[in-house]
Amino acid sequence: AEESESEVIKPHQGINQEPIPLQIKRDGTDVYVEMTSQITDIEIQKDKPYKAWTFNGEAPGPLVVVNEGDTIHFTLKNMDPSIPHSMDFHAVHAAPNKKFADVMPNEEDTFTYQASYPGVFMYHCGTAPVLSHIANGMHGTIIVKPADGYPTDNEVDKEYVIIQNEWYKYNDLDDMTNGEPSQVVFSTKALEQGQPNTNGVLNSLKDEPLLAKVGDKVRLYVNNVGPNEVSSFHVVGTVFDDVYIDGNPANHMKGLQTVMLPTSGGAIVEFTLKEEGMYPMVTHQFNHVQKGAVGFIKVTAD
Amino acid sequence: AEESESEVIKPHQGINQEPIPLQIKRDGTDVYVEMTSQITDIEIQKDKPYKAWTFNGEAPGPLVVVNEGDTIHFTLKNMDPSIPHSMDFHAVHAAPNKKFADVMPNEEDTFTYQASYPGVFMYHCGTAPVLSHIANGMHGTIIVKPADGYPTDNEVDKEYVIIQNEWYKYNDLDDMTNGEPSQVVFSTKALEQGQPNTNGVLNSLKDEPLLAKVGDKVRLYVNNVGPNEVSSFHVVGTVFDDVYIDGNPANHMKGLQTVMLPTSGGAIVEFTLKEEGMYPMVTHQFNHVQKGAVGFIKVTAD
Amino acid sequence: AEESESEVIKPHQGINQEPIPLQIKRDGTDVYVEMTSQITDIEIQKDKPYKAWTFNGEAPGPLVVVNEGDTIHFTLKNMDPSIPHSMDFHAVHAAPNKKFADVMPNEEDTFTYQASYPGVFMYHCGTAPVLSHIANGMHGTIIVKPADGYPTDNEVDKEYVIIQNEWYKYNDLDDMTNGEPSQVVFSTKALEQGQPNTNGVLNSLKDEPLLAKVGDKVRLYVNNVGPNEVSSFHVVGTVFDDVYIDGNPANHMKGLQTVMLPTSGGAIVEFTLKEEGMYPMVTHQFNHVQKGAVGFIKVTAD
Ligand SMILES: [Cu+2]
Ligand SMILES: [Cu+2]
Ligand SMILES: [Cu+2]
Ligand SMILES: [Cu+2]
Ligand SMILES: [Cu+2]
Ligand SMILES: [Cu+2]
Ligand code: NA
Ligand code: NA
Ligand code: NA
Ligand code: NA
Ligand code: NA
Ligand code: NA
Ligand SMILES: [Zn+2]
Ligand SMILES: [Zn+2]
Ligand SMILES: [Zn+2]
Ligand SMILES: [Zn+2]
Ligand SMILES: [Zn+2]
Ligand SMILES: [Zn+2]
Ligand SMILES: [Zn+2]
Ligand SMILES: [Zn+2]
Ligand SMILES: [Zn+2]
């Protein structure tokens with residue numbers, strides 16, 4: 001039983017649109033990306049679904065990966081019967097009022113722009129009030145791979161994506177504006193076939209930890225999509241050998257215990273796991289850990 | 001009608017001192033700066049004036065621009081009939097108890113110090129309780145121009161100043177200490193004759209956007225004067241090509257989507273606007289956008 | 001009279017274990033560190049003791065200083081009659097479930113790991129719920145001295161440690177999770193014999209300021225142990241000449257007015273004090289200054 005059913009707006013009541021996979025096709029440096037905006041139940045806690053406003057039925061939305069210099073031809077198909085939605089990729093140069101424009105209910109539109117900078121970028125719906133659209137689930141991560149790679153590419157054994165997001169009272173703009181988050185959660189998105197791909201729900205990375213082997217250097221692409229809180233991202237039991245702020249190879253830091261992520265900020269963090277065991281990932285703002293912000297990496301012998 | 005009239009302290013009731021322009025004169029590397037502390041109504045929202053404690057009748061106060069290595073001869077004329085005020089420039093080396101000292105009501109005093117470091121620095125009243133003085137409006141920005149410039153000086157087409165500040169319930173130290181901001185706002189200060197110069201009020205940079213041309217590289221001098229909140233400063237539709245943390249040329253970052261500003265922190269951010277349109281500036285802490293933290297840059301064809 | 005006596009858990013009532021000095025011995029690059037977990041009254045405000053969960057009877061716990069590359073043999077003697085405790089050093093590589101493991105009441109255990117990275121690192125109890133253990137006082141700082149030093153070592157005249165921590169309602173996990181801090185405080189820990197060594201209590205660095213001479217370049221090892229809040233660390237009356245984020249020589253910034261510390265983050269900040277007088281240290285999040293986050297450096301003539 002959904003506690004918040006009464007808060008669901010009329011046209012969304014009873015709707016639970018099946019997740020639709022992201023479509024992405026490449027033709028040289030032209031990349032064709034198709035996404036949906038849709039209304040889909042996300043089970044933040046067991047038996048406590050949240051009728052999320054989503055991209056493709058996921059919250060955070062599906063991971064998008066392109067190369068530096070690519071031209072993105074982006075199509076948004078708005079399956080929401082009642083509300084316009086839109087797409088703001090932090091990775092691109094585009095006039096927001098034209099290329100991050102609203103797509104009306106049951107319509108679709110296509111926009112073209114370039115990914116000029118490498119890094120780990122947030123994307124989100126930019127329809128007003130933006131806070132409602134992000135906090136209801138319309139956020140995600142786009143990775144732009146650098147043309148010349150990272151100086152530490154050869155050292156990395158495993159790569160994962162970690163996204164931090166907050167949830168508030170159901171579609172409650174006052175709580176989103178003036179309150180504290182009900183949950184703060186981590187999710188992971190598959191970088192390749194076979195990797196886990198989760199929503200931002202409690203325990204998803206506790207019940208099924210990320211995996212590594214003893215001695216692995218692990219790279220995490222981390223993104224704090226908010227909508228409101230900053231993050232102090234930390235992995236227990238190790239130190240970050242290398243950090244690239246917002247994922248840009250030029251912003252290289254060394255030996256960090258914790259990386260400060262502004263809201264919407266990204267980073268690549270790399271670290272070595274020297275012993276078998278369970279390594280928690282947290283934001284070191286521990287009130288947020290108390291609300292769910294923890295995941296695990298399980299390290300086993302070779 | 002001023003809602004908060006009852007909260008105004010007795011000696012300030014009925015006072016609304018006309019803004020007095022900053023005076024600044026140069027003699028070689030000696031710079032003579034004269035400012036006032038005064039009580040002036042600031043219309044945070046239409047028809048909702050806030051009887052602000054200000055420098056020169058502006059909140060944030062007037063922009064001060066000097067050169068690295070300058071000696072500043074600073075005079076504060078305290079026009080407040082009842083409360084001492086003072087000046088703490090983050091840009092200088094000075095013994096606070098002597099050179100950031102209180103100036104009594106209806107008195108003036110002069111202090112001398114050097115601006116040894118280039119950058120974007122906060123200034124504020126440092127009279128106890130400092131939180132009241134900052135939150136009631138006594139904050140602003142001093143820019144110290146680097147002797148050797150920035151490596152990107154030649155690329156920049158337009159320059160503006162953006163200041164973020166919060167407002168609380170009128171002169172309510174408990175709300176300032178324990179509450180959330182009522183408004184979070186952006187203002188701009190004129191770097192040169194003819195540029196807009198606004199207070200930190202709702203919609204000032206929505207009603208009258210900053211202006212740029214297609215292809216311009218824009219530089220913003222950004223300063224988060226608080227008093228309490230950090231900022232995740234972001235411009236929609238672009239990526240920051242170059243960022244200088246606290247405005248120091250040595251702290252150069254590249255390709256950022258968002259810059260983390262501690263409370264009182266500054267930055268120079270530079271970005272290219274490739275298409276005609278409207279580009280919002282925000283803190284990506286979207287609860288603060290909901291409370292007003294948004295401004296626009298309008299980009300037109302050549 | 002302790003206001004919160006009723007909140008103290010049964011087995012802790014009436015207990016006030018005398019502080020026990022940290023033991024640290026070196027044999028080549030093997031360092032033997034012995035600490036206790038114990039229940040000790042900390043007088044946050046005069047006549048308002050807080051029956052803290054501590055390391056060695058201090059909150060923050062005693063400063064630990066080792067060298068880059070050292071092997072740490074760490075023994076935790078748990079003197080708490082009722083609750084397990086543990087130790088998570090941010091400076092080391094260790095499987096958390098094995099080497100940051102719980103030590104049962106009245107037991108002790110020894111763990112071995114290496115300090116591979118130089119810097120200013122947090123340590124804390126990692127026993128669940130971690131938020132309770134940190135917020136009740138189980139946090140501190142470990143400094144790992146770099147094998148090759150800092151480029152500015154020769155310029156530094158005085159060195160001190162500053163730790164920022166928050167206090168909440170006594171052992172109230174709901175207030176720790178959903179509330180705002182009751183106090184935000186600074187403490188210092190002795191780097192050498194004769195330096196002050198304080199708990200995180202109100203006014204400790206106001207009543208007895210740190211000392212320096214005119215012209216001194218002062219280095220502070222700063223650590224924000226939270227548990228929840230970020231810090232905007234600033235010293236009034238000067239500018240940071242040099243900053244090393246998390247204390248790593250590779251993360252060198254220049255000319256900062258304020259350094260952004262994530263929760264658990266560290267930094268080395270160095271600055272010159274050019275005139276006699278009193279220089280306040282604050283987090284520029286001034287609601288936290290209002291709750292106690294201020295200390296002083298007193299500068300006298302040679
Ligand atoms: Cu939407
Ligand atoms: Cu004042
Ligand atoms: Cu200040
Ligand atoms: Cu955005
Ligand atoms: Cu403990
Ligand atoms: Cu930790
Ligand atoms: Na809430
Ligand atoms: Na760690
Ligand atoms: Na408020
Ligand atoms: Na952007
Ligand atoms: Na509280
Ligand atoms: Na200062
Ligand atoms: Zn939307
Ligand atoms: Zn919060
Ligand atoms: Zn490591
Ligand atoms: Zn004042
Ligand atoms: Zn807040
Ligand atoms: Zn760009
Ligand atoms: Zn503990
Ligand atoms: Zn807070
Ligand atoms: Zn200096």
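Between chain A and chain B, 21 residue pairs are in polar contact, both residues at pLDDT 80 or more. A polar contact here is a pair of N or O atoms within 3.5 Å; within protein, one must be able to donate a hydrogen and the other to accept it, and residues adjacent in sequence count only if both atoms are side-chain atoms. This is a predicted model, where local features need pLDDT of at least 70, side-chain atom pairs count only at pLDDT 80 or more, and totals for chains, interfaces and linings use all residues. Residues are numbered from 1 along each chain as its sequence is written, chains are lettered from A and ligands numbered from 1 in the order in which they are written, and side-chain values use heavy atoms, with hydrogens and water left out.

The rule finds one salt bridge across this interface, defined as a side-chain nitrogen of Lys or Arg within 4 Å of a carboxyl oxygen of Asp or Glu. Lys99(A) pairs with Glu275(B), with 2.5 Å between the closest N and O atoms.

As for contacts, meaning heavy atoms within 4.5 Å, 41 residues of chain A meet 30 residues of chain B.

Now the metal. Which residues coordinate the copper ion (ligand 4)? They are His90(A), His124(A) and His284(B), each through NE2, at 2.0 to 2.1 Å. Donors are N, O and S atoms within 2.8 Å of the metal (3.2 Å for Na, K and Ca); water is not among the atoms, so sites may look incomplete. Both His124(A) and His284(B) are buried, that is, under 20% relative accessible area (1.4 Å probe, protein chains only). The sodium ion (ligand 10) is 5.9 Å from the copper ion (ligand 4).

Key
Buried < 20%, exposed > 50% of the residue type's maximum accessible area, 1.4 Å probe, protein only.
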